[in-house]
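Here is a friendly question-and-answer walk through one protein. Each reply sets a computed value against the rule behind the word.

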Amino acid sequence: MRRMIIAGNWKMHTDIEEARKLTLGVVEKVGGKTEPAVILCPPYPMLPAVKDIIEGTTVQLGAQNVHSEDKGAFTGEISTDMLQSVGCNFAIIGHSERRAIFKETDEFINKKVLKVNSSLMIPILCIGETLGEREEGLTFQRVEQQIKDGLNEVVVTTGNDIVIAYEPVWAIGTGKTATPEQAEEVHAYIRELLGEIYTPEIAQDITIQYGGSVKPSNASELLGQPNIDGALVGGASLKAEDFCGIIEAGS
Ligand code: PGA
């Protein structure tokens, strides 16, 4: 069964008090919901505090990034073991900001996906074309390359082993959302690719989230598309009311 998953990517926002307040706001409204699944991805220092508040609820914890090595001299980096020890079930990998600002390559992203895939956590692999690529008609080519490189040698035996987030870069934080038709077209293509890499049955069960300026007012239409199985939410996840509005739209 394919799961609907709404994840909040807080990016580099919130201090400890704001993180607690935001988590409480989410838990009060949707802490008992099982459908859709809800994941909070706060900055690293907030993970234990958020974990304390979501304990005993259905809300789950995710990290915004992870390193591909287990331990060692990698100043500033965080391993899967560390994340698991504070209760993370998911890790976002290859977000377009990591790719663009921190120059993460498909090869490095693949190493991270392999590492998370071999842990008890589930990777959320982010892919998506830039505005220039879309304008040049390269959307499908770019998405195909990111999927194939990101999932190189990644063993997936059930649809629950991995989550894909399609986030057109031109729609992130810009207020410009892909139309439901534009998004659905790419999501259907991604599922076809996953079917070729794994099996059509497994591909049917893989959650493919949409991300890019998702808000309560556009969530229903996006989430109503046959191949859109959730949302990776940035800006709107920083307000409990807006985030929960998106969760309601996915219910
Ligand atoms: P946004 O961010 O919702 O603010 O556009 C989405 C994301 O970066 O995951």
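Q: Where is T14 found in this model?
A: This is a predicted model, and T14 is found in the loop between strand 1 (5-9) and helix 1.

Q: What makes the phi of T14 worth a look?
A: Most residues other than glycine have a negative phi. T14 is not a glycine, and yet its phi is positive, about 85°.

Q: Why is T14 called partly exposed?
A: The term covers what lies between under 20% (buried) and over 50% (exposed). T14 has a relative accessible area of 21%, so it is partly exposed.

Q: What makes K103 exposed?
A: Exposed means over 50% relative accessible area. K103 has 64%, so it is exposed. K103 is found in the loop between helix 4 and helix 5, and its phi is positive too, near 55°, in a residue other than glycine.

Q: Which peptide bond is cis, and how do you know that?
A: The bond that joins E35 and P36 is cis, with omega about 0°. Most peptide bonds are trans. P36 has its place in the loop between helix 1 (16-30) and strand 2 (37-41).

Q: Why is D15 said to cap helix 1?
A: A polar contact is a pair of N or O atoms within 3.5 Å. A side-chain oxygen of D15 lies 3.2 Å from the backbone nitrogen of E17, so D15 caps the N-terminal end of helix 1.

Q: Which residues of helix 1 are buried, and what do they pack against?
A: A19, L22, T23, G25, V26, V27 and V30 are buried. The buried residues of helix 1 pack against strand 2, helix 2 (47-54) and helix 11 (240-249).

Q: What covers the buried residues of helix 5?
A: The cover includes helix 3 (80-85), strand 4 (90-93), helix 4 (96-101), strand 5 (122-127) and helix 7 (139-150). Among the buried residues of helix 5 are D106, I109, V113 and N117. Helix 5 spans residues 106-117 and reaches 16 Å, close to the 16 Å expected.

Q: Why is N117 called buried?
A: Buried means under 20% relative accessible area. N117 has 18%, so it counts as buried. This residue of helix 5 touches P123, V154, V155 and D161, leaving out residues up to four places away in sequence.

Q: Is R142 buried or exposed?
A: R142 has 18% relative accessibility, which is under 20%, so R142 counts as buried. R142 lies in helix 7 and touches R99, D106, G128, E129 and E133, not counting residues up to four places away in sequence.

Q: Why does K215 count as partly exposed?
A: Its relative accessibility is 34%, between the 20% and 50% cut-offs, so K215 is partly exposed. K215 sits in the loop between strand 7 (207-211) and helix 10 (216-223). K215 and A249 are 34 residues apart in sequence, with their C-alpha atoms 9.7 Å apart in space.

Q: What makes a set of residues a nonpolar core, and how many residues has the largest?
A: The members are buried nonpolar residues joined through side-chain atoms within 4.5 Å. The largest core has 65 residues, and those with the most contacts inside it are L151, I164, I190, L194 and Y210. Helix 8 (residues 180-197) gives the most to this core, with six residues. Apart from it lies another core, of 13 residues, including A7, I39, F90 and A165.

Note on methods: Residues are numbered from 1 along each chain as its sequence is written. This is a predicted model: local features need pLDDT of at least 70, side-chain atom pairs count only at pLDDT 80 or more; totals for chains, interfaces and linings use all residues. Side-chain values use heavy atoms; hydrogens and water are left out. Helices (H or I, at least four residues) and strands (E, at least two) are DSSP runs, numbered from the N terminus. The expected span of a helix is 1.5 Å times one less than its number of residues. Buried means under 20% relative accessible area, exposed over 50%, partly exposed in between (1.4 Å probe, protein chains only). Contact means heavy atoms within 4.5 Å. A polar contact is a pair of N or O atoms within 3.5 Å; within protein, one must be able to donate a hydrogen and the other to accept it, and residues adjacent in sequence count only if both atoms are side-chain atoms.
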